[in-house]
Amino acid sequence: MSPTDTQTPRDAEATPDGSAATKKPGLRERKREELRRRIERAALELMIEHGFADVTVEMICESADVSRRTFFNYFGSKEAVVIGRDPGPLPEHLQEAFIDGPRGSILADLVRMLLAMMTTKPHDVDQKIWRARLELIRSDMTLAKAMADKVAAKNRDLEDLVTRRIRKRYGASGTPPGPGAASDAGPGPDGAGTPAADPAVEALITRQTGFIVAMWWGIARYAIQITVENPDIEDRELMESLLDTLTLIQEAEL
């Protein structure tokens, strides 16, 4: 699990329970990944020793024994080494399962879906690299801003997904999205039945969406912190523990 990525393996396939099963990579892909990690490790070690601003691409290439061209084939910049690769959009089957087949509350389902994706990582991930990445991001304003921009981009995707589920839920049940927010404006543009023309309804949906997504990011940050501090913790154990705690909170047991 990287600081912000909800990683989706590009060759993942859906399993009967909706999770992702990853095909074993071929020799060429494994060699590329080994080279990527070598460059990444060399860059992060240099940055921890000298500071992000004082490390050049030339220094990274010399330490990793690669050419500039090879470096830029894998990373667009030194910032990209620290921030990590873009995991891409959520798989369509996971999006549809979240919108159409709720198993619990909207927050619990969002956490379950995204934590499951965050934990589809290889078990030989270098914990030293994780810690170095987090330390660098916390200590450098340029990296912190780049990470914030990346989070903001992913935030928009999650907000769109959550909004779609809210609209479908209220459209199907006929329940307005909050006290006093009922309207006779008719179905919204997605046909879900939520009156999109009512500014009060739209404002409330926007607030609900933002609040739910913000809670998710708080849970994600905590999960990353726990994983970094306890590298031997099992992914499934962590996910079930967080979901159990969330259930207790929602049932007013805590």
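Modeller: Of the contacts in the protein with a separation of 6 or more, 68% join residues 24 or more positions apart, where contact means heavy atoms within 4.5 Å. The model is predicted, so local features need pLDDT of at least 70 and side-chain atom pairs count only at pLDDT 80 or more, while totals for chains, interfaces and linings use all residues. Residues are numbered from 1 along each chain as its sequence is written, and side-chain values use heavy atoms, with hydrogens and water left out.

The protein has 10 helices and two strands; these are DSSP runs numbered from the N terminus, helices being H or I with at least four residues and strands E with at least two. From the N terminus on, the order is β-β-α-α-α-α-α-α-α-α-α-α.

Two packed helices are described by the angle between their axes and the distance between the axes. The axes of helix H1 (residues 27-50) and helix H2 (residues 57-64) come within 9 Å and cross at roughly 125°. H1 is therefore oblique to H2. Here axes are lines fitted to C-alpha atoms, for helices over the stretch in contact, and angles run from 0 to 180 degrees between N-to-C directions; under 35 degrees is roughly parallel, over 145 roughly antiparallel, 65 to 115 roughly perpendicular, and the rest oblique.

H1 contributes Arg 38, Ile 39, Ala 42, Ala 43, Leu 46, Met 47 and His 50 to the contact, and H2 contributes Met 59, Ile 60, Ser 63 and Ala 64. By class, eight of the residues in the contact of H1 with H2 are nonpolar, two are polar and one is charged; Ala, Val, Leu, Ile, Met, Phe, Trp, Tyr, Cys and Pro count as nonpolar, Asp, Glu, Lys and Arg as charged, and the others, Gly among them, as polar.

Beyond H2, Asp 65 lies in the loop between H2 and helix H3 (68-74). Phi of Asp 65 is near 60°, a positive value in a residue other than glycine. Asp 65 counts as exposed because its relative accessibility is 65%; exposed means over 50% relative accessible area, buried under 20%, and partly exposed in between (1.4 Å probe, protein chains only).

By contrast, Asn 155 is buried, with a relative accessible area of 18%. Asn 155 is placed in helix H8. Leaving aside neighbours within four places in sequence, Asn 155 is in contact with Val 213 and Trp 217. In the protein as a whole, buried residues make up 41% of the 254 residues.
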